[in-house]
Amino acid sequence: MDFSCKDIKVGKCQGQKLVDGETMPLVLQPHEADKADMESLLLALKTNKDWLEQLIIKNSAVLLRGFDVKNAKDFNDIVETFGWDDIRYVGPAPRTHIYKRVWTANEGPLSEFIYYHHEMVLIKECPKKLLLFCEVPPPEGGETPFVPSFRVTERMLEEFPEAVEEMDAKGLKYTFTALSKDDTSSMRGRGWEDAFGTSDRAEAERRGKALGMDMEWLPNGGVKTILGPRSLTKVFDGRKGRRMWFNTVVGMHGKELSSALMADGTEIPEKVVKRCGEIIEEESIQFKWEKGDVLLLDNLALLHGRRPSEPPRRVLVATCK
């Protein structure tokens with residue numbers, strides 16, 4: 001595939017890696033200095049939409065850098081230019097709606113590390129694409145590291161082939177406990193009323209069932225959600241038959257508010273979870289955010305997270321089918 005066109009050129013950024021012959025992230029910049037304005041960018045995106053979508057699938061991560069993207073409205077214009085359908089976020093992260101299809105990313109304390117995950121990996125329908133916009137880059141830290149999911153599967157199969165195949169054959173079961181109201185002091189502090197868009201328990205149960213989860217109400221007004229069975233790995237069309245590590249075992253196993261087991265109740269060995277976490281970190285890729293950056297991620301191929309940072313940091317997000 002030709003990596004450039006008359007409107008956009010390929011650039012570089014610190015932290016890029018070559019993974020199985022593919023540059024991650026692939027950096028795209030204005031072809032000429034006087035073509036960095038929003039009007040030129042939107043025209044370039046519209047003209048080369050199919051080409052760009054192929055790049056997102058091929059390279060998994062595409063970084064638009066050097067364009068004059070100023071605010072949520074500009075970012076929303078980029079999102080809508082691609083024409084991908086919106087998908088409502090469902091999950092534990094506290095978020096605020098900003099403008100049309102644009103939300104804040106996880107509003108949990110910047111001092112905390114948000115662990116690697118595929119967005120909405122446990123929900124029946126998850127986003128295929130995740131778009132992130134850096135409105136205010138942090139003075140230090142705050143990167144959004146991402147991990148080629150297939151590399152985790154490959155390495156786990158090398159080190160724990162029997163455990164991987166057992167988990168894949170049995171499937172996984174997760175639990176997560178949520179309070180009724182939001183707690184922005186926690187990166188997983190989104191209350192069930194906000195998550196399900198209702199304060200009515202019966203309606204929340206109906207919506208939860210539609211998303212593929214069972215619910216147990218707790219005496220403190222909170223709820224325990226049960227999800228499963230879920231896959232350990234998945235293969236998606238158009239991605240070279242790669243077996244993606246499409247789960248959140250490391251992020252939920254043995255935590256205060258969550259658990260991860262095999263679907264039949266078998267415990268997942270601690271050493272397997274621990275080593276998986278090490279592998280994920282070893283395979284991670286990150287770059288320093290710059291103001292105006294727009295990162296396009298293939299959510300079916302990449303796990304992503306957030307490094308701790310000094311304030312201020314403001315990254316906005318849009319999720320697409």
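Axes are taken here as lines fitted to C-alpha atoms, for helices over the stretch in contact, with angles running from 0 to 180 degrees between N-to-C directions. In the present model, which is predicted, this description was applied to helix H4 (residues 149–159) and helix H5 (residues 161–170), whose axes come within 5 Å and cross at roughly 120°. Angles of 65 to 115 degrees count as roughly perpendicular and those over 145 as roughly antiparallel; H4 is therefore oblique to H5. On the H4 side, the contact is made by Met156, Leu157, Glu158 and Glu159, and H5 contributes Pro161, Val164 and Glu165. By residue class, the contact of H4 with H5 comprises four nonpolar and three charged residues, with no polar ones.

A search of the whole structure returned one cavity of 30 Å³ or more. The largest cavity holds about 40 Å³ of space. Its lining is formed by Tyr115, Tyr116, Trp245, Asn247, Thr248, Val249, Val250, Gly251, Ile280 and Leu303.

Two secondary-structure elements, strand S8 (114–117) and helix H8 (249–252), each supply at least two residues of this lining. The largest share, three residues, comes from H8. In terms of residue class, the lining of the largest cavity divides into seven nonpolar and three polar residues.

Definitions and conventions
Residues are numbered from 1 along each chain as its sequence is written. This is a predicted model: local features need pLDDT of at least 70, side-chain atom pairs count only at pLDDT 80 or more; totals for chains, interfaces and linings use all residues. Side-chain values use heavy atoms; hydrogens and water are left out. On a 1 Å grid over the protein atoms alone, a cavity is a set of points where a 1.4 Å probe fits but cannot get out, and a pocket is an open set with protein on both sides within 12 Å along at least five of seven lines; lining residues have an atom within 4 Å of a point. Grid points are joined across faces, edges and corners, and a volume is the space filled by probe spheres set on the points. Helices (H or I, at least four residues) and strands (E, at least two) are DSSP runs, numbered from the N terminus. Ala, Val, Leu, Ile, Met, Phe, Trp, Tyr, Cys and Pro count as nonpolar, Asp, Glu, Lys and Arg as charged, and the others, Gly among them, as polar. Angles under 35 degrees count as roughly parallel, over 145 as roughly antiparallel, 65 to 115 as roughly perpendicular and the rest as oblique. Contact means heavy atoms within 4.5 Å.
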